[in-house]
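Opening the notebook on a new chain today. I want the fold order to begin with, then the charged pairs, then whatever else turns up.

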Amino acid sequence: GLTAELSKLPVRGRVLRRDGLLFSEGGSRIVVEVDRERLREAEMALRRHSVPFAVIGETGGNEISIKMNGEQVINLTVGEVEERWHYSLERLMEGYS
């Protein structure tokens, strides 16, 4: 599972829409999961190398909860997300057969 607040993302320049923050890809942005016990060590290493970063949430559990400026934009179980991903193309193509 995942709980995240997208407004904490360090975005430079243009402000992305909600869908852009959720799904855009770029060589300059990555998501890294760090054990809670090693978070301070990771933050120090990132600062030492002047890498912009933000702690945007936590992983674990069975829920995917994503917020933007405090507003809930996704609140699903991991199973629901997996099912929607797995059958998304099939559902999209149903209207074309």
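Predicted model: local features only at pLDDT ≥ 70, side-chain atom pairs only at ≥ 80, totals over all residues.

In what order do the elements of the chain run from the N terminus on? I read β-α-α-β-β-β-α-α. That comes from four helices and four strands, where helices (H or I, at least four residues) and strands (E, at least two) are DSSP runs numbered from the N terminus.

Residues are numbered from 1 along each chain as its sequence is written, and side-chain values use heavy atoms, with hydrogens and water left out.

**Entry: whole chain.** I looked up burial: 12% of the 97 residues are buried. My classes are buried under 20% relative accessible area, exposed over 50%, and partly exposed in between (1.4 Å probe, protein chains only). The accessible surface is about 8,200 Å², and carbon and sulfur atoms hold 52% of that. Areas are from Shrake-Rupley with a 1.4 Å probe; for residues, only the protein chains shown count as cover. I also checked contacts (heavy atoms within 4.5 Å). Of those between residues at least 6 apart in sequence, 57% join residues at least 24 apart.

**Entry: strand pairing.** I started from β1 (residues 2-5), which runs antiparallel to β2 with three bridges. β1 also runs parallel to β3, with four bridges. Strands count as paired if DSSP finds at least two bridges between them.

**Entry: serine 65.** Is serine 65 buried or exposed? Buried, at 13% relative accessible area. Serine 65 sits in β3 (63-68). Leaving out residues up to four places away in sequence, I found that serine 65 touches Leu2, Thr3, Ala4, Gln72, Ile74 and Asn75. With glutamine 72 there is a side-chain polar contact of 2.9 Å. By polar contact I mean N or O atoms within 3.5 Å; within protein, one must be able to donate a hydrogen and the other to accept it, and residues adjacent in sequence count only if both atoms are side-chain atoms.

**Entry: salt bridges.** How many salt bridges does the structure hold? Three, taking a side-chain nitrogen of Lys or Arg within 4 Å of a carboxyl oxygen of Asp or Glu.

- Glutamate 58 and arginine 36 meet at 3.5 Å, N to O. Glutamate 58 is in β2 (57-59) and arginine 36 in the loop between α1 (18-23) and α2 (39-48), so this pair ties together parts 22 residues apart in sequence. Arginine 36 is exposed at 62%, while glutamate 58 is partly exposed at 46%.
- Arginine 38 and glutamate 41 meet at 2.8 Å, N to O. Arginine 38 is partly exposed at 46%, and glutamate 41 is also listed as partly exposed at 46%.
- Arginine 91 and glutamate 83 have their closest N and O atoms 2.2 Å apart. Arginine 91 is partly exposed at 41%, and glutamate 83 is partly exposed at 32%.

**Entry: surface patch.** Leu89, Leu92, Met93 and Tyr96 make a nonpolar patch of about 500 Å². Patch residues have over 30% relative accessible area and no salt bridge; like charges are joined within 9 Å, nonpolar side chains (Val, Leu, Ile, Met, Phe, Trp, Tyr) within 5 Å. I placed tyrosine 96 in the segment after α4 (88-93). At 66%, tyrosine 96 counts as exposed.
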